[in-house]
Amino acid sequence: MADIQENEAVTELGPDNVLFVKTDVASWEQQRALFTRADEWAGSQGLAFLAANAGLSDPPGSLDGLVGKAKADEVVTPPTVDPIQVNLLGAIYSLQLFAHFVRKRGRAGKAVLTSSGAGIYPMPSHPAYAASKHAIVGYTRSIAPSLKPDSIAVNAILPGFTPSNMTAPLLGVIPDQYVTSLDTMVAAYDVFLDDDSQMTGQVLEVSASKKWHFRDHPTYPDEEIRWLNEESAGFFAKVFGLA
């Protein structure tokens, strides 16, 4: 288990059952140290499952400079990219390290990357967050075929509003009927953990009503676009040396 903040689960479950490593997932060096320790802690069984669940939203006022709320004579400041570094880059780092250690042990592995409902729907209040979560969906669908030969499955879950440190200010404001419980989140993980069919590259939207929905990519509008996305892989592999 890793987080940038200390986690009480270590105390509840005990150090023999949980290894906690304080980690900034946006740091490659910190993640590499985390996975090295986790692999040693796991012993000969090695790592078998990755839940890349770290999340960060756009900070208050982050849109001021973009939408004209900042004063005209203020120095222009760069937009916030922290959600992209944590939510997207952190997940990419995690998956690459996880795949490395799974291959090292010669075993199979399963990874679930956390996207969001904001990964398929617009979220005007948090555009950087939405961009990172849309990217997780695209990354999951795109990287999964490359890892399948190594028996590493990669899927994504898309929860709605879920209680967390990030969403704490909204607890009690969002009606309970629209809150996705942690139990429902865990059940969504189990969909992939319990699967024996090597399901990979799938995107599972999780509803507050304790339902989940597999979401396919958009329908191709014509044959040319379908061909470019489904039949042209061999050309890309040849040109870019991937074959």
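Colleague: Quick one to start: what is the relative accessible area of Phe 49?

Modeller: Phe 49 has a relative accessible area of 32%, so this residue is partly exposed. The scale runs from buried (under 20%) through partly exposed to exposed (over 50%), with a 1.4 Å probe and protein chains only. Keep in mind that this is a predicted model, where local features need pLDDT of at least 70 and side-chain atom pairs 80 or more, while totals for chains, interfaces and linings use all residues. Residues count from 1 along each chain as its sequence is written, and side-chain values use heavy atoms, without hydrogens or water.

Colleague: Thanks! How many aromatic pairs does the whole structure have?

Modeller: The search turns up 4. Rings of Phe, Tyr and Trp (its six-membered ring) pair with centres within 6.5 Å; planes under 30 degrees apart are stacked, over 60 edge-to-face, and the rest tilted.

Colleague: Why does the Phe 192 and Phe 214 pair count as edge-to-face?

Modeller: Because their planes stand at 85°, with the ring centres 6.3 Å apart. Phe 192 is in helix α6 and Phe 214 in strand β7 (residues 212-214), 22 residues apart. Phe 192 is buried at 4%, whereas Phe 214 is partly exposed at 42%.

Colleague: New topic: how many residues of β5 are buried?

Modeller: The count is 8 of 8. Ile 152, Val 154, Ala 156 and Leu 158 point one way, and Ala 153, Asn 155, Ile 157 and Pro 159 the other. In a regular strand, side chains alternate between the two faces of the sheet. Strands here are DSSP E runs of at least two residues, and helices are H or I runs of at least four, numbered from the N terminus.

Colleague: Which strands does β5 pair with?

Modeller: Strand β4 (residues 109-114) runs parallel to β5, joined by 6 bridges, and Leu 113 has Ala 156 as its bridge partner. The chain gets from β4 to β5 through α5, in a right-handed β-α-β crossover (clockwise from the first strand over the helix to the second, with the strands pointing away from the viewer). Strand β6 (residues 203-206) also pairs with β5 in the parallel sense, over 4 bridges, and Val 206 stands opposite Pro 159. Pairing takes at least two DSSP bridges between the strands.

Colleague: And Thr 180, buried or exposed?

Modeller: Thr 180 is buried, at 1% relative accessible area. This residue lies in the loop between β5 (152-159) and α6 (182-193). Its C-alpha is 6.4 Å from that of Ser 207, 27 residues apart in sequence.
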